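Thanks for coming. I have one structure to go through, and I will keep it short. Please have a look at it first.

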Amino acid sequence: MNCTRFLCVIGCMLGLAAPATAQTLEPALSTRTLVNVDPHAHYKVVYDIHSAETAAGISKGLFYARGLIEAYRKQGVTPQQLDIHLVMHGEAAQYLLIDTTYRDVVDDPFAVNLNAKITQDLLNLGVSVEICHSVMKSKGWTADDVLPGVTIVHDGYTRIVKLQNDGYAYIGGF
């Protein structure tokens, strides 16, 4: 028993007690350097978006691409400094369809493609939103079925490879 008290007293004297440790760590955390991007640089990014997964009711890839623009904005980088390509293929391609075609794809006569607004917002920010022609062909979609402003590329994979060869940072998993 005396040994336990002795260790507690020694620990408190050395600043090892939990409250003292928490108090001494807090200022140390606030003095650490936060690494930011260069606000004067230009950034090139290609997103590989092929999944039908959603976040906040829209394509997960579109959602996170918009989030990237906001993350850069918070660090002083304007949308004009970003060169972003969203290559949508596979199941994600359906998110770039006009409402009438989208309704047929999801088999719901009342469906509205909620991705149309964010797609237009991204286009307005200078993002290149691209759809795979190979998917379009396999699904029987034409250029008239695709949202205005969306670029049609021969196929998703060769487009992604080309952009990577041109120095674009690859972001996948969507």
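Predicted model: local features only at pLDDT ≥ 70, side-chain atom pairs only at ≥ 80, totals over all residues.

Strands β1 and β4 run parallel and are joined by seven bridges. β1 covers residues 43–49, and six of its seven residues are buried.

Strand β7, residues 169–171, is parallel to β1 and connects to it through three bridges. In that pairing, Tyr47 faces Ile171 of β7.

Now the loop that lies between β4 (82–88) and α4 (99–106), where Gln94 is found. Is Gln94 buried or exposed? Its relative accessible area is 12%, and the cut-off for buried is under 20%, so Gln94 counts as buried. What does Gln94 touch, if we set aside neighbours within four places in sequence? The contacts are Ala52, Tyr102, Val105, Val106, Asn113 and Trp141.

Then the whole chain. There are seven helices and seven strands, and along the sequence they come in the order α-α-β-β-β-α-β-α-α-β-α-β-α-β. Of the 174 residues, 36% are buried. Taking contacts with a separation of 6 or more, 68% are between residues 24 or more positions apart. The accessible surface is about 10500 Å², and carbon and sulfur atoms account for 59% of that.

Methods:
Residues numbered from 1 in each chain as written. Heavy atoms only, no water. Helix = DSSP H or I, 4+ residues; strand = E, 2+ residues; numbered from the N terminus. Buried < 20%, exposed > 50% of the residue type's maximum accessible area, 1.4 Å probe, protein only. Contact = heavy atoms within 4.5 Å. Areas by Shrake-Rupley, 256 points an atom, 1.4 Å probe, with all protein chains shown as cover. Pairing = 2+ DSSP bridges.
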